[in-house]
Amino acid sequence: MLKHRWFFALLIIFSEALSGSADDFPTPHNTEPDLSIPLMPAKEAAERMQVPDGFKVGVLAAEPDVQNPIAMAWDRRGRLWIAENYTYAESKQRFELSLRDRVLVFEDADRDGVPESRTVFTDKVQMLTSVEVGRGGVWLMCPPQVLFIPDADGDLVPDGPPQVVLDGFTVAQANYHNFANGLRWGPDGWLYGRCGHSCPGRLGVPGTPDEQRVPIRGGIWRFHPERKVVEVLCHGTTNPWGHDWDENGELFFINTVNGHLWHAMPGAHFKESFGNSQNPGVYERLDTIADHWHFDTTGKWHESRDGKANEYGGGHAHIGTMIYQGRQWPEQYHNRLFTLNMHGLRTNVERLEREGAGYVGRHQADVFISADRWFRGMDLSTGPDGAAYVIDWSDTGECHEHAGVHRTSGRIFRIAYDGLAPAELRVSKTELLTPRCLMGNGPLPNLWQQYQAGETSPAMLRELLSHHDEHVRVWAIRLLTDFWPLDTLMGPQPDAVYPTDKATYDAFLNLARDDKSGLVKLQLASTLQRLPVDRRAKLAAALVTDERFAADPYLPALTWYGLIPVGESAPQSLVEIARNCRWPLTLQWMTRNLADRIESSPAAVNSLLELAAKLDPTLRRSVLSGLGEAFQGWRKAPQPKAWPAFAASIPNPNDEAAETKKLIRELNVLFGDGRALGEIRRLVLDETQPLPTRQTALQTLIDARPDDLRELCESLLNERVLNATAARGLALFDDPAIGKRLVESYRRFDPRERQAVLNTLVSRASFVAALLDNLGDGRNGIPRDDVTSLHARQILAFNDEKLSQRLAETWGVLRDTSEERQQLISDLRTRLSPETLKQADLASGRTLFQKTCANCHKLYGEGKQIGPDLTGSQRANLDYLLQNVVDPSAQVPANYRVSVVTLKDGRVLSGIVGSRNNRTLTVQTATDSHVIELSEIESETPSPLSIMPDNQLQTLTAEQQRDLFAYLMHPVQVAVERDSSRSSSEPRETE
C-alpha cells in the first residue's frame, strides 16, 4: 500500500520509539460477533465501487496501516491526518478504556494517490472523535474535552503534553454515539464542532463556573482559540455528523433520523426527533431544508436497511459532508453537497439552491455505491489534489455498535476523475487552506483572509454592506458582529456586555428596510440575538413588514427567536411590532407570548386586540390562534376589554368556520361567559350533533369545571366514545363511589380506551381499592392482564401499605433488583434460541405488540410515538431487545424519564414532563397528554425510571414471550392474527 513499505515501517518504529508509544500501545481486539459476511479486500472494494463514467477509485491506505478511522483533516502542507478510535465499544460497555486511540499522518507529496509515509503523531488519547490542525498544533475532540497538542514547527512530534482548552461535553449513558465530534476551522477563523441532542452539555474553558457555561443540547458550536470564547450557534437536530461551507461561506450540516440536510443559521432552533425545546418561548422549531427524504417516511423505517430504501437514497443515517470545491472533477459536481448514506452503502448528492430567504436541497443521482457490505463511510473531504478522500470504519454493525466492534479493519479511498491532472493549489504548491472555500476566487476568500489576518475595520466592513453581491453583504454583517454575545439556548447570556456601535446598528436598520435580499434579512434576523434586548424591536419591526416572506419557512421563526426576551422585558414593544407585521406566524407567536403574560401585563394584550381588529382577516386569525395556544390548560383567564369586539371581527370562511367558532367558544368559556357554558352543555347532550363535536364540547366543559360537571359526566358513562372523555372528567372528583362506577362500566368502554380508564383508576388512592377488588379473568371484573406494571408502579407510588399488600395479592409483585433482571435476561437469552424463535407465531406476536407496546411505541407506522420508534432500532439484535425490554431503566435518556406529579386535588400522574412555561406544564402518560396549571401541582418528583415499565413480560406465557420477541426481530410487517381457534386467554386485535 505504502511506497517502499519495509523502509517506512522502520521509520514508524523509530519515531514511535522516540515518543515512547510503540511498545506500550495496547493491541486492539475485536468483539463483533457476526462475521458471517466476509470482509472484502480493500483493492477489490475499490474496484467494485460503482462510480459515474470517468471516475476511478484507489486505496490510499487499508488495514493494518489504518484501522477504525473516525475522522480526517488536512494540514497546510497537504498532509492527511486520521483519527483512529479503538475505545468505542458495544452498548453494554460503552467504552473500552483498556485501549487507547491514536492520530496518524499520511503524506503523499507527489499527489499520485500513494503515500510515501505514515506517522503516528500521538497514541495517548481516548474517546477520540475528531482531529483538526492549525494555529500552532493539533486539536482533538475527546469528549468531554477538546485537547490541543502543540506542534509549532509541524514536524509531527508534539512540542508538549495535551492541553485541555474546552470542556463540558457530556457523554450520555445511553445513546452515547451522539457525542461531540466534527472539529473544523471556519472561514472566520473560529473552530467549529457538532454535538448530538442525547449528549447535552455545558461548555466553557476549564474552570468556568457552571452559571457562566453555555448550554448545548444538540447542534453546532464554535470556539475562538485566542479569545477563549465558546458559543452554540444553533440548537437541535438528532445527531449531526458532518458539515462544510459552500463557496459563499454558508454552513450546511448533515443529520440522522429527522431530516438529513440543514442550513446552520446562527440562533436557529431546529427540530429534534422527539420532545420540545427547553426554551419555553420557542413554540415551533425549524425543519430540514431538503425537499425530500432518503427513506420511506410513511412509517416503514425498516426499509432503511439492507438496500430496501435505495430507491429513495439508501436510508435515514447520514455521515460526513463535503461540498465539492476542487477543480479535478467535472463542472457538474462543483458546489454539490455529498454525504455518506450508511444503510445505502452509497453517497447521496444534494443540489443547494437559493429559495426565499434561505436554501433548499434537491436530490441528485446517488454516486459511489459500494459493493462491500462492511463499508461504513465516516467522512469525505476534498484533498489538495482535487480528488475526494473517503474514510471507511469498515464493520458489520451500525453507528451504535450494539453487538460489538471490529477494530482491526479500516480503509481510506481516493476518488479521482480519470484523465484530469491534479488541481493546482491556489496559494502555492505547498500550502492548503481550510475550509476549502478559502481557496476560491472572488471577493469573499480575500475578505476572510484579511479578517483572519486582522486587516479589516468596522468602517471597511460597513462599506461592504452596499456591495452588489448578497453574500458579501451577509458576511459583512457577520464579521461586524462576530464577537457580539449570542443568545444561548435559554436566551441572552447573563451579564453579557454588548458593544455600543451606533453606526453599525443604523446601517442594519437601513438594510432591514431597503435590502431586497431574503438572505440578508435572514442574517439580520439572526443578528437580533446579538443585540441588547432593548434594541431588538426596532430592527425586527423593519423586517416583519416585508410581505414577500410571509410564508417563508425560516425567516419569520428566526425573527421570533430574537424577540422572545422582548416579550418579558417590554411587552408593549411586541404590540408595536405587531402593528405593521405581515407575517402570520410571527404575529401568532407574539400574541401567544403576550397572552401568556395577561395577568401581569393585561394592557399589552388589550392593545394588541384593539389593533388586531383592523388587520387583514388572515392576520386576525393568527392572533386568535395565538390566544388559543397561550391559554391551553388554563381554567380561567381575565377577559381583555377588547375581546368582544375582536371576536366579532373574525371572519368565518366555510372551510375554517367550525374550527374558528370552536376556538372562540372555548375562549368565551375561559373568559367566564356563562352563556357560552350553557351553549356548550347543550352541544354535549344533543344526540343529533356529530360525536367529535360533542366530545370536544365535553372536554371544554371539563377544562372549565362547571358545578354540574360530575353529574353530566356520570350520565354519559354508557355512551361509547363520550364515556372515555367523561371518565377523564370524573378523575377530578375524589370519591370512592366514582371508582366503583368506572369499574362497573369498564366493559362498556371501547377496548382501545380501556388503558386510559385504568390510568384514571390508578390516579387516586380512593379509586384503587375498587380496581383491585374487581380484578379477575375478564368474564367477571377487569381482566388482570389489562393492568400493566406501569399501573402497578403508580399504585405503589401512593406509599399506602394496605393498597400495596392488596396489589401483591390480586395482581403480583414487581421485581425490583437488578440481579433478578439480569438473571431473567440470561434465562430468556437461553430460552429464545434461533430454533425456538423459528417456531413463533408472528401474527400472535403482532397482536401482543399492539396490546403491550403500541401505547408508547411505533413499529411499521402503527402505535404511538411516546417512546422511540422501534422500526429504526436494533431490533434484530436479541441482546439489545432483552436489555431494553427487561431492564428499560438501566440506561434512560432524559427525554424518557418518568416524573411523578402529585396534584393538590389528590390525583397522581406518572409520565414524561414535556413542555413547560411560567403557567403550565405538560405530562405525557402512556395514554394521554395532560396540560396542568403550575398552581395545581403539589409536587413534582423526577425519577431515574423509564416511561417504559419493568416486568412487561411478567403477564405473558413462555409462548407469548417467544411470539413477541420473534415479531419484534422480524424484518418486515406480518399479517394480523385471525385464527379463531386460538385460546380465549390469548390477546386478539380489535379492529
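Where is aspartate 495 found? Aspartate 495 is found in the loop between helix H5 (470–480) and helix H6 (502–514). This report returns to that residue after a look at the whole chain. The model is a predicted one.

## The chain as a whole

The protein chain has 29 helices and 34 strands. Its radius of gyration is 31 Å, close to the 30 Å that the globule rule gives for 991 residues, so the chain is as compact as a globular protein of that length. Along the principal axes, the C-alpha atoms fill a box of roughly 90 × 75 × 50 Å.

Of the 991 residues in the chain, 61% are buried. Residues 24 or more positions apart account for 64% of them.

## Surface and charge

The protein chain exposes about 39100 Å². Carbon and sulfur atoms supply 49% of that area.

The chain carries 107 positive side chains and 131 negative ones. The centres of these two sets lie 4 Å apart.

## Helix H10 and its cover

Helix H10 spans residues 571–579. Its buried residues are Pro571, Leu574, Val575, Ile577 and Ala578. They cover an arc of only 160° around the axis, which puts them on the same side of H10.

What lies over these buried residues? The cover includes four helices: H8 (536–543), H9 (555–569), H11 (584–596) and H12 (602–612).

Asparagine 580 lies in the loop between H10 and H11. Its relative accessible area is 42%, so asparagine 580 is partly exposed.

Which residues does asparagine 580 touch, not counting those up to four places away in sequence? They are Val544 and Thr545. Alanine 541 is 39 residues from asparagine 580 in sequence, yet the two C-alpha atoms are 7.4 Å apart in space.

## Histidine 224 in a strand

Histidine 224 is found in strand S14, which covers residues 219–224. Is histidine 224 buried or exposed? Its relative accessible area is 10%, under the 20% cut-off, so histidine 224 is buried.

Leave aside its neighbours within four places in sequence. Histidine 224 is then in contact with Gly189, Trp190, Val229 and Phe483.

## Two cis peptide bonds

Most peptide bonds are trans. The bond from proline 143 to proline 144 is cis, with omega near 15°. Proline 144 sits in the loop between strand S7 (137–142) and strand S8 (145–150).

The other cis bond joins threonine 434 and proline 435, with omega at about 0°. Proline 435 is in the loop between strand S25 (411–417) and helix H3 (443–452).

## Two residues with positive phi

Most residues other than glycine have a negative phi. Arginine 111 is not a glycine, but its phi is positive, at about 55°. The residue lies in the loop between strand S4 (101–107) and strand S5 (117–125). Arginine 111 counts as buried, because its relative accessibility is 17% and the cut-off for buried is under 20%.

Now back to aspartate 495. Aspartate 495 is not a glycine either, and its phi is positive too, at about 60°. Is aspartate 495 exposed or buried? Its relative accessibility is 76% and exposed means over 50%, so aspartate 495 counts as exposed. Arginine 111 is buried, whereas aspartate 495 is exposed.

Note on methods: Residues are numbered from 1 along each chain as its sequence is written. This is a predicted model: local features need pLDDT of at least 70, side-chain atom pairs count only at pLDDT 80 or more; totals for chains, interfaces and linings use all residues. Side-chain values use heavy atoms; hydrogens and water are left out. The radius of gyration is taken over C-alpha atoms; the globule rule is 2.2 Å times the number of residues to the power 0.38. Buried means under 20% relative accessible area, exposed over 50%, partly exposed in between (1.4 Å probe, protein chains only). Contact means heavy atoms within 4.5 Å. Accessible areas come from the Shrake-Rupley method with a 1.4 Å probe; for residues, only the protein chains shown count as cover. Lys and Arg count as positive and Asp and Glu as negative; His and the chain ends are not counted. The place of a charge is taken as NZ of Lys, CZ of Arg, CG of Asp or CD of Glu. The arc is that of the directions from the helix axis to the C-beta atoms.
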